[in-house]
Every structure is written in C-alpha cells, then in structure tokens.
Amino acid sequence: RFKCGERRMKVCLVGKGEIYEAVRAKLGDLFTISKHPIPADLLLCIGYPFTIKNDTIKQYDYGVINVHTSLLPKYRGRHPVDWAMENEEKEVGITVHYIQDETIDTGDTILQDGVLYIVGEGYNSLIKKLADKAPLLVGMALCQIEFDIVYSRKQNEEVATYYPKRT
C-alpha cells in the first residue's frame, strides 16, 4: 500500500518498459503489481500499450493516472521519445496525467518535468534521464491525489500534437 502521511491508498501498477521498472524499483513496495487491473483505489499506468476502457476507469475511487514520456500536450500517442528525438526537440520530459476517458493522452495534467536533449544523444541516455525523474514525480502525484490537493490543469488543445506508433 502507498503510504503518504496517515492515510493509505491501494495503488495497482500496470505497464512495462524502463520508466515502469525505475518506478517499480524505487517505489515498488508501495504498489500492488499486476498485469491486469485488480481491486485498488487508483490505477497507475506506465508504458501500458492498451487503451483503458471507461468501465475500468470508473472502478477506481481516486481515478486512473498515466506516466507519459513527453511534455503533454505535445507528442501524444506512442513512442514520444523517438518522435521528439527525430524532430530534434531541445527538451523532452515526463507528464503524470489523469486518464479520464478512452482518448489517448488527453487527460488533465498533474505534474511535469523536463530534461535537456542534446541532438545526437542516444536513446538509452535520454530514457535514463527520464527514468531518474519518474519515481519522484509519481510519488508526488500520489501524495497530491491521496490528500486531495491536486492542482491539475487542462491541456492546451491549440498546441497539442499526436504521433502514431512507429513502424
């Protein structure tokens, strides 16, 4: 169980990949780890490649949150780090946001943090930078949610971009 102060919130963690593993390694004892959603207060998705259905979202009292490897609303969709590198962005980052419906990466943003990208830097190096930031962001977001002090904000649709799965 995730403990933040006196309260306790049961969090189900689903996903895969390096960011998932970094969060699991640093905060793993705080979560119920499962390949499928189980009874919990909140569902946390990291690198989860499937759309969360509305029926599933409604099952969680504290909602469903996602860790996305871009500074949303830019680079919604799959493989945001690859696309940002291809487009030679100067900054990439991590966004913790709500999944409010079946749309992809459109939910209200809880927290974000960026890292500098140097053109020519390798993918693994960039992912490591993001993985180093993820556990703190996730922990902060969970505390905010548990104590109902989240200052989430709507994403600016005017600057939103969506990228498909890379082939």
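**View 1. Strand β5, covered on both of its faces.** In this predicted model, in which local features need pLDDT of at least 70, side-chain atom pairs count only at pLDDT 80 or more, and totals for chains, interfaces and linings use all residues, L42, L44 and I46 on one side of β5 and L43 and C45 on the other are all buried. Residues are numbered from 1 along each chain as its sequence is written, and side-chain values use heavy atoms, with hydrogens and water left out. Buried stands for under 20% relative accessible area, exposed for over 50%, and partly exposed for what lies in between (1.4 Å probe, protein chains only). By that cut-off, 5 of the 5 residues of β5 are buried. Strands (E, at least two residues) and helices (H or I, at least four) are DSSP runs numbered from the N terminus.

**View 2. The strands that pair with β5.** Two strands are said to pair if DSSP finds at least two bridges between them. β3 and β5 pair in the parallel sense over 5 bridges, and one of the residues involved, C12, has L43 in β5 as its bridge partner. β5 and β6 also run parallel, joined by 4 bridges, and the partner of L43 in β6 is V64.

**View 3. Two nonpolar cores.** A nonpolar core is a set of buried Ala, Val, Leu, Ile, Met, Phe, Trp, Tyr and Cys residues joined through side-chain atoms within 4.5 Å. The largest has 36 residues, and those with the most contacts inside it are I19, L44 and I65. At least two residues of this core come from each of β3 (11-15), α1 (18-27), β5 (42-46), β6, α3 (80-86), β8, β9 and α4 (123-146), with α4 giving the largest share, 10 residues. Another core, of 10 residues, lies apart from it and includes C12, L43, C45 and V64.

**View 4. The surroundings of I65.** Contact here means heavy atoms within 4.5 Å. When neighbours within four places in sequence are left aside, the residues in contact with I65 include L42, L43, L44 and C45, as well as V96, I110, L142 and I145.

View 5. A disulfide is a covalent bond between the sulfur atoms of two cysteines, and the rule used here asks for a pair of cysteine sulfur atoms within 2.5 Å. By this rule the count comes to 0 disulfides. C12 counts as buried because its relative accessibility is 0%, and C45 counts as buried at 1%.

**View 6. The loop between β6 and β7.** T69 is placed in the loop between β6 (64-68) and β7 (76-77) and is buried, with a relative accessible area of 16%. Not counting residues up to four places away in sequence, T69 touches I19, P80, V81, G93, I94 and L130. P73 has its place in the loop between β6 and β7, and the peptide bond from L72 to P73 is cis, with omega near 20°. Y75 lies in the loop between β6 and β7, where its phi is positive, near 60°, and at 5% relative accessibility Y75 counts as buried.

**View 7. D105, a residue with positive phi.** Most residues other than glycine have a negative phi, and most peptide bonds are trans. Phi of D105, however, is near 60°, a positive value. D105 lies in the loop between β8 (91-98) and β9 (109-116), and is buried, with a relative accessible area of 9%.
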